[in-house]
Amino acid sequence: MPSLYVHVPFCLQKCDYCGFYSHSLKNSSPDLISVYLEGLEIEMAKRQKDTPPGVSSLFIGGGTPTILSERQLEGLLGMIQRYFPMNPEVEQTMEGNPGTITAGKARLIRDLGINRFSLGIQSFDDDLLRNVGRVHTAVKAREAIAHLRSAGFENLNLDLMFGLPGQGLQDWQASVEEALSYSPEHLSLYGLMLEEGTPLFEQYEVGNGINNTKGASLRKQSFRLEQKVEEGCLKTLPSEDQQAEMHEWAVRRLGMEGYRNYETSNFALPGYECRHNLGYWRGADYLGMGPGGVSCLNRMRWKNIEDVCAYKNLLSEGKSPIDETGQEELSLQECMAERMILGLRLESGVHLKEFEIDFGTDLRDIYRSVLERYKDTDIFIVEGEYFRLNPRYSFVANSILQEFV
Ligand code: SF4
């Protein structure tokens, strides 16, 4: 049974660090959402026929799904249930952002079967939110939490970010403490990434070269940067050491409150681990629908085109919405490497027997040379049925994990 992901590619405004595919509704016609929903219905009708029956979990992400009106949300959730019926026990998550969640929307989506909500708070500090172009305020985040709890959501995830421009350890601690005061069942703590092509990347690339010729010429291209520099508000990014300190402090603090750091960036009270993401980290199949949606079934991976109108037009003409450049058949080696990289981010690690059943080989044989290189260290641990990473190295794990590629 695959898990189902539905991509809703709309946001109120693009955040400065965001590399995800989504349209800012400030710059697009609201009709685009209707076009999107029409295309999505055609895709669901088609995929339903080609997909094994049953859904192990549902995740409606984006973008900002809660930007849809109540009527549109009702249409979207009705459509999903029509083509991919799910019983109430199946984990059904919706993502959303403060400022787009009313009491009415929270009640509606809860009544229509969404039983887990993931809220993108990032910080309870308005200045820090502004530094990365987040459109909401801390007040809106508090309101959204209250609406979701009143609507009956008993499985709530809060997303927070560390490493924000201008953020110090105390700012980070204040946001984590406030998040804890709402007793969320799950917390996702992500470090800010400077992704190429985003305004934040450009600002800091230019900011770093501000006194050289390249900086000067790039500076001309960025009015916003000039403004920020003139106003003296291009904030310093926390160093890697400071980010590591923020992460380590949070791991300790959340541990004291009973949260398990079950994946590098994810923390849950017992029994509230995100089943949808666990499937993904353990190599299960998933079907992603909507423009930009990514799927992986039976070692075939594909991505839908990132263009709402073209997506809908192709589907209306009976054609595939898959981006041909984003379609690939994964080799056995690639699948094994992915299983290792994603599985070692989990506290539990990679299940030795499952790996052997899925790939016909013991991972300690296939990765003998990598393990040889680390044999005098305490980085990798075999414990019971699992092969895992020593949690002390989880913050620096990326470079080590690349060895499995
Ligand atoms: S709300 Fe999320 S998806 Fe939308 S622009 Fe910001 S980070 Fe990207």
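The structure is a predicted model, in which local features need pLDDT of at least 70 and side-chain atom pairs count only at pLDDT 80 or more, while totals for chains, interfaces and linings use all residues. Residues are numbered from 1 along each chain as its sequence is written.

The chain is assigned a domain 1, made of 3-192 + 237-281, and a domain 2, covering 332-405; such bounds come from an automatic or database domain assignment. Between the C-alpha centres of domain 1 and domain 2 the distance is 29 Å. Eight residues of domain 1 are in contact with eight residues of domain 2, contact being defined by C-beta atoms, placed from the backbone, that lie within 7 Å. On the side of domain 1 that touches domain 2, helix H10 (240-256) and strand E9 (260-263) each supply at least two residues. Helices (H or I, at least four residues) and strands (E, at least two) are DSSP runs, numbered from the N terminus. E9 gives the largest share of this side, with four residues. By class, the side of domain 1 that touches domain 2 has three nonpolar, three polar and two charged residues. In this classification Ala, Val, Leu, Ile, Met, Phe, Trp, Tyr, Cys and Pro count as nonpolar, Asp, Glu, Lys and Arg as charged, and the others, Gly among them, as polar.

The ligand is surrounded by Cys11, Lys14, Cys15, Cys18, Phe20, Ser22, Gly62, Gly63, Thr64, Asn97 and Gly120; a residue is counted here if its C-beta atom, placed from the backbone, lies within 6 Å of the molecule. Four nonpolar, six polar and one charged residues make up this shell. Two members of the shell, Gly62 and Gly63, are joined by a cis peptide bond with omega near 20°. Gly63 belongs to the loop between strand E4 (57-62) and H2.

Helix packing comes next. Two packed helices are described by the angle between their axes and the distance between the axes. Axes are lines fitted to C-alpha atoms, for helices over the stretch in contact, and angles run from 0 to 180 degrees between N-to-C directions. Helix H1 (residues 31-50) packs with H2 at an angle of about 5°, their axes being 10 Å apart. H1 and H2 are therefore roughly parallel to each other, a term for angles under 35 degrees, with those over 145 counted as roughly antiparallel, 65 to 115 as roughly perpendicular and the rest as oblique. From H1, Ile33, Leu37, Leu40, Glu41, Met44, Ala45 and Gln48 meet Gln72, Gly75, Leu76, Met79 and Tyr83 of H2. This contact of H1 with H2 has eight nonpolar, three polar and one charged residues.

The axes of H2 (residues 70-83) and H3 (residues 103-111) come within 10 Å and cross at roughly 15°, which makes H2 roughly parallel to H3. Glu70, Leu73, Glu74 and Leu77 of H2 make the contact with Gly104, Lys105, Leu108 and Ile109 of H3. Its residues comprise four nonpolar, one polar and three charged.

H6 and H10 pack at an angle of about 30°, with axes 10 Å apart, and are therefore roughly parallel to each other. Leu169, Trp172, Gln173 and Val176 of H6 make the contact with Gln242, Glu245, Met246, Trp249, Ala250 and Arg253 of H10. Beyond H6, the loop between helix H6 (169-181) and strand E8 (186-191) holds Ser183, which has a positive phi of about 45° although it is not a glycine.

Conventions
Two residues are in contact if their C-beta atoms, placed from the backbone, lie within 7 Å.
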